[in-house]
Amino acid sequence: MDKPKLTIDEMAVFCKRKGFVYPSAEIYGGIAGFYDFGHLGVELKNNIKKEWWKTFVQQRDDVVGIDGSIITNPMIWKASGHVAGFTDVLVDCQKCNSRFRADTLIEDKLKIPTAGMTMEGLSAEIKEHKIKCPKCSGNLGDVKKFNLMFTTSIGPVQGSAAYLRPETAQLIFADFRLVQENARLKLPFGIAQIGKAFRNEISPREFLFRMREFEQMEIEYFVHPEKQDECPFIEDVIDYELNVLSAEMQKNKKNMEKLHAYWLASMHKWFVELGASPEHFRIRQHVKDELSHYALDTWDLEYEFPFGWKELQGLSNRTDFDLKQHMEHSKTDLSLFDEETKKKIIPHVICEPSQGVERAFLVFMFDAYNYDKSRENVVLKLHPKLSPIKIGVFPLVSNKADVVKKARGVYDELKQHWACTFDLSGSIGRRYARADETGIYATVTIDFDTLEDDSVTIRSRDTMEQIRVKISELKDVLSKFMEGEKLGKMGKGVG
Ligand code: GAP
């Protein structure tokens, strides 16, 4: 299996150098766990979210979306169990007071998995292996729990504490009744949301992998409690192959529900259809002690990051835990009336596909990154739907006003349809290299012949193939090229 070609630190350097991602407010020294997206990063991130929303909301009959608030009634987080249980394991240095996440510290030092280990187990590992503070080599104390929610206060009144949401999911449960009624949803159905989430991670690390402010793309998929084994869409993925590591293989025996399998395959397919390499993914079931407080069963879609196989997306069976909790705490009936049995039922979330936008960003960047030895530059082979800039328009020479003017006209027309850039600085070779490095899918060059015959050269980022087409056909040819048609079939080859 191909290893990713860069380390995570090298990817961070590349992202900064090319305008994808910067440490937040770097002029003040940055701030751990927070990043700003640059002029290319914001486009890539928006394209990822747009493709996800299109596939899982707009193109489906059974899923609708919402956009809930980041700060909400704090009762939500009591009901959901986050106030009591949304914790990570922390260990303090007794000498310099630095704080570390106990499980990742042990994983780094001992190279063993810690999933499912208790606090006592983690403390015992630290003592037995005499693990010291990575900063000052001081002794470490006992492992404790640390709540990951950021707190804030609302309005001028002291004491009105609130939380920044640590997951987007809860607003879907809180708004469940309104959304179901107004969108006239019938089981099984999903409610989706894309938005910011905040977690006061003890050790933010690995660039965009573990941040304190990030975005999630989540679906809560609700089913009839007595029809949990039914999946109307299983035929769509029945022949789809996935690399699965089940809890049975790891520890105990459990089966995957059909709907869970369906969503895992659909999410994997989404990544692959947008250009990610299928062999960099696997599916791993959580062992019992690793499950979140709300989950009956969880399967992670994992990706082989340069620092190992890690969770890319979590798909949990949340049962009726959340709706029941909100019914109890809000004293609101969130049950549905079942026409068949004439009884009230509380739907189950058989599957909650929950994807971090920035982890998806990393996957697409790692799988797109190629160093081309013959070109002596990086070629960022992002899928055209994801490329931050689709087309670069280049006048062959920058000192001939009529060539530049003609090129500007082409650029003005194309930018009505796609994200484009106009570049006239440096040699044409240098401009092609710059375009390759930032993932520009096609470039259009305007030269002296254009002034005579109104034709331009289109160059493919991935193959360097070039064809000559009339300006009148340019939009049509570029559209087809971005939809996957071969460039060579659509115009006269060049050189
Ligand atoms: N609603 C369920 C939930 O939030 P989770 O496994 O805690 O589940 C889901 O998070 C996804 O959100 C993860 O698989 C990951 O892609 C992303 N994510 C979680 N914590 C993150 C962090 N600190 N930084 C970046 N992405 C994160």
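Which residues are buried in α12? In this predicted model, the buried residues of α12 are Val 357, Glu 358, Arg 359, Ala 360, Phe 361, Leu 362, Val 363, Phe 364, Met 365, Phe 366, Asp 367 and Ala 368. Buried here means under 20% relative accessible area. Because 12 of the 12 residues of α12 are buried, the helix is largely enclosed by the rest of the structure. Charged side chains are included in this set, among them Glu 358, Arg 359 and Asp 367.

The length of α12 was also checked. The helix covers residues 357-368. At 1.5 Å a residue, its 12 residues should span 16 Å. The end C-alpha atoms are 16 Å apart, which agrees with that expectation. An α-helix has 3.6 residues a turn, so residues three or four places apart point the same way.

The ligand site was examined next. The ligand is surrounded by 22 residues. The closest are Glu 167, Arg 199, Glu 218, Glu 311 and Leu 312. By class, the shell divides into 9 charged, 7 nonpolar and 6 polar residues. Three strands, β10 (213-223), β14 (308-317) and β17 (348-356), each supply at least two residues of this shell.

A side-chain N or O atom of Glu 311 lies 2.5 Å from a ligand oxygen. For Leu 312, a polar backbone atom is 2.8 Å from an oxygen atom of the ligand. The backbone contributes at Gly 356 too, where an N or O atom is 2.8 Å from a ligand oxygen. Taken alone, the ligand exposes 560 Å², and the protein buries 93% of that.

Strand pairing was then traced. Strands of a sheet pair through backbone hydrogen bonds, either parallel or antiparallel. Strand β18 (residues 369-372) pairs with strand β19 (residues 377-380) in the antiparallel sense, over 4 bridges. Tyr 371 has Val 378 in β19 as its bridge partner. The two strands, β18 and β19, form a hairpin with 4 residues between them. In the turn, Glu 376 has a positive phi of about 60 degrees.

An open sheet of 6 strands was also found. Its order is β21-β20-β22-β23-β24-β25, and the pairing is mixed. The edge strands are β21 (420-422) and β25 (492-493), each of which pairs on one side only. Strand β24 (residues 466-470) runs antiparallel to β25 and is joined to it by 2 bridges. Within this pair, Ile 467 stands opposite Gly 493 in β25.

Terms used. Residues numbered from 1 in each chain as written. Predicted model: local features only at pLDDT ≥ 70, side-chain atom pairs only at ≥ 80, totals over all residues. Heavy atoms only, no water. Expected span 1.5 Å × (residues − 1). Buried < 20%, exposed > 50% of the residue type's maximum accessible area, 1.4 Å probe, protein only. Near = heavy atom within 4 Å. Polar contact = N/O pair within 3.5 Å; in protein donor to acceptor, adjacent residues only side chain to side chain. Areas by Shrake-Rupley, 256 points an atom, 1.4 Å probe, with all protein chains shown as cover. Pairing = 2+ DSSP bridges.
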